[in-house]
Amino acid sequence: MSQTYRIGRGLVDTNSTIKFAFNDQQYTGHPGDTLSSALLANGIRLVGRSFKYHRPRGIFSAGSEEPNALVELRRGAYQEPNTRATVAELFDGLQARSQNHRGPLGFDFMGVNDLLSPFLSAGFYYKTFMWPKAFWEKLYEPVIRASAGLGSLSGKPDPDSYDKGFLHADVLIVGAGPSGLAAALVAGESGARVILADEDFRPGGRLHAETMLVDDISGEQWVANTLSRLRKMDNVRLMIRTTVYGAFDHGIYGALEKKTDHLASSDGMPRQVLWRIYAKRCIVCAGATERSIAFGNNDRPGIMLAGAVRAYVNRWGVTPGKRVAVFTNNDDGWRTASDLVNQGVEVSAVIDSRDIDAPLSISGASVVMGASVVDTMGRAGIHTIKLSNRQTIKADCLAVSGGWNPNVHLTCHQRGRPEWNESQACFVPGGVLPDGMSVAGAANGALSLSAALSSGIDSASLTLQSLSIKPASVDTPRADDESTRVSAFWHVKESTKRCWIDLQNDVTTKDIVVSHQDGFRAVEHLKRYTTLGMATDQGKTSNVLGLAIMAEHAGKSIQETGTTIFRPPYTPVPMGAFAGRSRGKDFRPTRKTPSHAWAEARGAVFVETGNWLRAQWFPIDGETHWRESVDREVTQTRNSVGICDVSTLGKIDVQGKDAGEFLNRVYANTFATLAVGKVRYGIMLREDGILMDDGTTARLGENHFVMTTTTANAVGVFRHMEFCRQCLWPNLDVQLISATEQWAQFAVAGPNARKLLQKVVDADTPIDNESFPFMACGEISICGGTPGRLFRISFSGELAYEIAVPTRYGNSMMDALIKAGEEFQAVPYGTEALGVMRIEKGHAAGNELNGQTTAANIGLGRMVSKKKDSIGNTLSEREGMNTENDLALVGFMPTNKSVSLSAGAHFVSKGNEANTENDEGWMTSVAYSPSLECSIGLGFIQRGQDRMGDIVIAADPLRGGTTEVEIVSPHFIDPEGERLRG
Amino acid sequence: MIIHHPLLGPRDAAEFVYLGDASLINRPDASADDAAEQFYEYQYLRDNVAGEMRELWYHEQGDRSWLVVTRNTLTHEISKVELARDVARANGRDR
């Protein structure tokens, strides 16, 4: 099909032809086209179905404000719904489909909704689908969701990549139209660091849509000259296809740059970049957006904004119709008529709501002043309009102008409110602007070209002065001060047909009236009740019209009625851009233990614990179930020796003359008295008296301690200790540094642990039981001179040590330990075996230190020293945390040894119903104990310490099942601690 | 937001961790007769001001300084940034 509506060249490259498909039909266009200009060139007027009533809809605008022409762009996983055809750059092979219809676009089965429209006005869902209540979820909602809506997602992961970037500037200029270009010239020539961002792929703004001259040359030529001057300046960064979508605190702006949306394939490049721009100053030159007028059946394909019609003719050489009528309330609308006539397009009529002399003469057109359009005809595309004077006029395109709204959005992103300007009939920026922001050009109400250019120059000069930069002298470009006379006109009251306000959400004037009647009169309520101004266009063409009609109906002024709050983003930003590279496994960093490579080679199964990837168990040949591996690791460790990488524990180096005193205050128990060369277990409370963390701390020197924290709390404990050090006791002589990543640490546990270590620890350090008893520590050398640290501590309950070496030796250390252990059949063990052994030994861990429990609860109440103050000491004495019925950590064994216990089960006394009233506590950790050959558990139960031997019920109604359990000591293994002292 | 760190200059708020009311610096004396009452108030009765507020921020992705940031919670305007250690000392906290 040829481009029969292409009447000129405009700014497209007609020497080159590209192919695209719309609803699987092949068409052609040219480089420089948007999807909408190419569709119009091919005579396509019907491009979609409306949201609620499934009315036929066409292209309405020529920019990012488009409410109607939303399409699904691309195919497969690349498919993007709700893409505005007006900003989609045409590329060879582009595929687009219309949205929101069943059956072909020309005959939508859901069009029946339109006939039901008398029942579907504002608040319809709220009022109708109230009862029966059960029908909502099962019937109403699915049906509504299926029939209303926009485009559909591919349902596949987004195959594109997105990036994020950071930029700094003295001056950010938003918009490269006439005012933005003028401002950029001044700021650039003055040497300021400038970012000039424009959402279009062709900077220049309305200059390309108009035929006006600047400095006696065409607007297009002036733009080209200006851009070439700016491109020569190193201090100016021109960012095209870049939308500044939000103004945030302290001069931070969000911007989305489209990198490959105009290409057939992104070819490995990031599709879009989300920029965070730090700007000392910002000049908003965002232009203005035209608005419509509400009259009967004003939503038919072929009815467009007058400025858009002009843009298609002038910029793209496409006429949206062969016989065009214009309906306007302002002088600007007349320019559409004259530009069309100059391009040889027939203008059948110009209708002006103002009863004044015609501002221009339009050859061949019937001019009707003081009249309006009351109705239109043509279901799939307009063909006739009916006027208030009963005249009917033939037109296949109706260009409507209700005046222009400055794009004040960015000026309001920090809750600013625009002010109504009566003479220009528009909201202009007002009140307090975000710090460092100024506004120029049409965005500031300077609607004529000459006003826009001079306001760009002036505001740039003022901005530079505020930065103490001397503004360069730049001549204000000359242009005509064309007339922008307007007289507010919102709604054709003679219309008896539905008059649309918001095309995207199918909101009509009647909905505004209903909203008012139903009491939703504040604009924010009006928006929620009618959906006016919601969805992808955020009401750019409809909001002011809607609230003006609300004001009229309520008998209030527009200023009194006000606008809804403007929030970022200005135009839609894909979720993928916000995510950037933080997707999938890159969502957060992966921390690997020092012996990761060794474990990987050994075939370990890994588990994520926080950011860490830890070996969970190490299967060997023939093992088919994880329990086989874990049981073997536990048994072999308890019988001989096992080795585990425990480097993930937090390590905090504490040094200074007051280090001991400092630890006395952050730990509930005493540390200042700890002898050099000794380790002590410590518990830390929060200030509210609840347990925060536990771990061991070693005293390596008089003024040098090394603390360990649990893996999960490493960051939080360090933060807390810095708080204590800086904010509570600023004059203590103590320094902290996190050493978690500096040391690789391995637990070597089991009866043969010492024998194994004697093979790797250099002979000058005796580690026999007398020289290096339980809870000893010291600096040692390993494998012939490698520096290390040795701690005789035990989590497993066995004779055990933890040996530490600088992280770079960690992988080799693991290898060396396993090799040295060959004669003992030493096994590496993972986090599962670690967990089994600590449960067997009755040590508390994360499940027990869950932010709800006290030292007394875990049986360590006496560790909270009353001889000194420490964090949480005072509040831990509160009555409510020290009652007779307090929970106590004890062990549990099933009375039937073949039954498995489950963590999370709640305890009730035998004979009691399993309900909240009878709840006595809960199971925190369970494991299969290969040593006891049955399932065992740790848990909290009221007065547990006094109930040894009692049988209670562990109820697990969620997963089904109740188990009889016996309350036992939590120390299932070696309760006297003989092994670890051996 | 941008926080003007007294030692490091302007830093993005994303580098910081927020704690809350700077009154947390004024930890009560545990040896006071009414220590329990004082700790209760210290721990639980903090202001949540609509307007100018002194807050504790921690430069976790930076130099680990705790800062006292005077910020208007309605406008996010930051009028003053101090090292918490200096504030603590000025409040008479010692060792």
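Reader: Where does Arg943(A) sit in chain A?
Author: In this predicted model, Arg943(A) lies in the loop between S48 and strand S49 (951–955) of chain A.

Reader: And what's its phi?
Author: Phi of Arg943(A) is near 55 degrees, a positive value in a residue other than glycine. Most residues other than glycine have a negative phi.

Reader: Buried, exposed or partly exposed, that Arg943(A)?
Author: Arg943(A) is partly exposed, as 17 other C-beta atoms lie within 10 Å.

Reader: What about Glu933(A), which loop is that in?
Author: Glu933(A) belongs to the loop between strand S47 (921–929) and strand S48 (934–942) of chain A. Glu933(A) isn't a glycine either, yet its phi is positive, about 55 degrees.

Reader: Is Glu933(A) buried or exposed?
Author: Glu933(A) is exposed, because it has 9 other C-beta atoms within 10 Å; a residue counts as exposed at 12 or fewer.

Reader: OK, switching to helices. At what angle do H5 and H6 of chain A cross?
Author: Roughly 30 degrees, and the axes of helix H5 (residues 178–189) of chain A and helix H6 (residues 219–231) of chain A come within 10 Å. H5(A) and H6(A) are therefore roughly parallel to each other, since angles under 35 degrees count that way. H5(A) passes H6(A) in a left-handed crossing.

Reader: Which residues meet there, between H5(A) and H6(A)?
Author: From H5(A) you have Leu181(A), Ala184(A), Leu185(A) and Gly188(A), and they meet Val223(A), Thr226(A), Arg229(A) and Leu230(A) in H6(A). The residues of this contact of H5(A) with H6(A) split into 5 nonpolar, 2 polar and 1 charged.

Reader: Why would residues three or four places apart point the same way?
Author: An α-helix has 3.6 residues a turn, so residues at that spacing point the same way.

Reader: How do H10 and H11 of chain A cross?
Author: The axes of helix H10 (residues 509–517) of chain A and helix H11 (residues 523–530) of chain A come within 10 Å and cross at roughly 120 degrees. That makes H10(A) oblique to H11(A). H10(A) passes H11(A) in a right-handed crossing.

Reader: Who's touching whom between H10(A) and H11(A)?
Author: Asp511(A), Ile512(A) and Ser515(A) in H10(A) meet Leu526(A), Tyr529(A) and Thr530(A) in H11(A). By type, the residues of the contact of H10(A) with H11(A) are 3 nonpolar, 2 polar and 1 charged.

Reader: Is Ser515(A) buried or exposed?
Author: Ser515(A) is buried, because 25 other C-beta atoms lie within 10 Å; the cut-off for buried is 20 or more.

Reader: Leaving aside neighbours within four places in sequence, what is Ser515(A) in contact with?
Author: With those neighbours set aside, Ser515(A) is in contact with Ala122(A), Phe520(A), Leu526(A), Tyr529(A) and Thr530(A).

Reader: How far is Ser515(A) from Val324(A)?
Author: Their C-alpha atoms are separated by 35 Å, and the two are 191 residues apart along the chain.

Reader: Now H18(A), how many of its residues are buried?
Author: 11 of its 15, so to speak a mostly covered helix. Among the buried residues of H18(A) are Phe718(A), His720(A), Met721(A), Glu722(A) and Arg725(A).

Reader: What length should helix H18 have, and how far apart are its end C-alpha atoms?
Author: At 1.5 Å a residue, the 15 residues of helix H18 (residues 714–728) of chain A should span 21 Å, and the end C-alpha atoms are 20 Å apart, which agrees.

Reader: Zooming out, how many helices and strands are in chain A?
Author: Chain A has 22 helices and 50 strands. Of its 982 residues, 54% count as buried, and the C-alpha trace of chain A spans about 115 × 70 × 55 Å along its principal axes.

Reader: And what's the pattern of chain B along the sequence?
Author: Chain B reads β-β-β-α-β-β-β-α, which comes to 2 helices and 6 strands. Of the 95 residues of chain B, 22% count as buried.

Reader: How many residues are in contact between chain A and chain B?
Author: 19 residues of chain A are in contact with 23 residues of chain B. The side of chain A that touches chain B divides into 7 nonpolar, 5 polar and 7 charged residues.

Methods: Residues numbered from 1 in each chain as written. Chains lettered and ligands numbered in written order. Predicted model: local features only at pLDDT ≥ 70, side-chain atom pairs only at ≥ 80, totals over all residues. Axes fitted to C-alpha atoms, helices over the stretch in contact; angles between N-to-C directions. Helix = DSSP H or I, 4+ residues; strand = E, 2+ residues; numbered from the N terminus. Parallel < 35°, antiparallel > 145°, perpendicular 65-115°, else oblique. Left-handed = near helix turned anticlockwise from the far one by under 90°. Contact = placed C-beta atoms within 7 Å. Nonpolar A, V, L, I, M, F, W, Y, C, P; charged D, E, K, R; others polar. Expected span 1.5 Å × (residues − 1).
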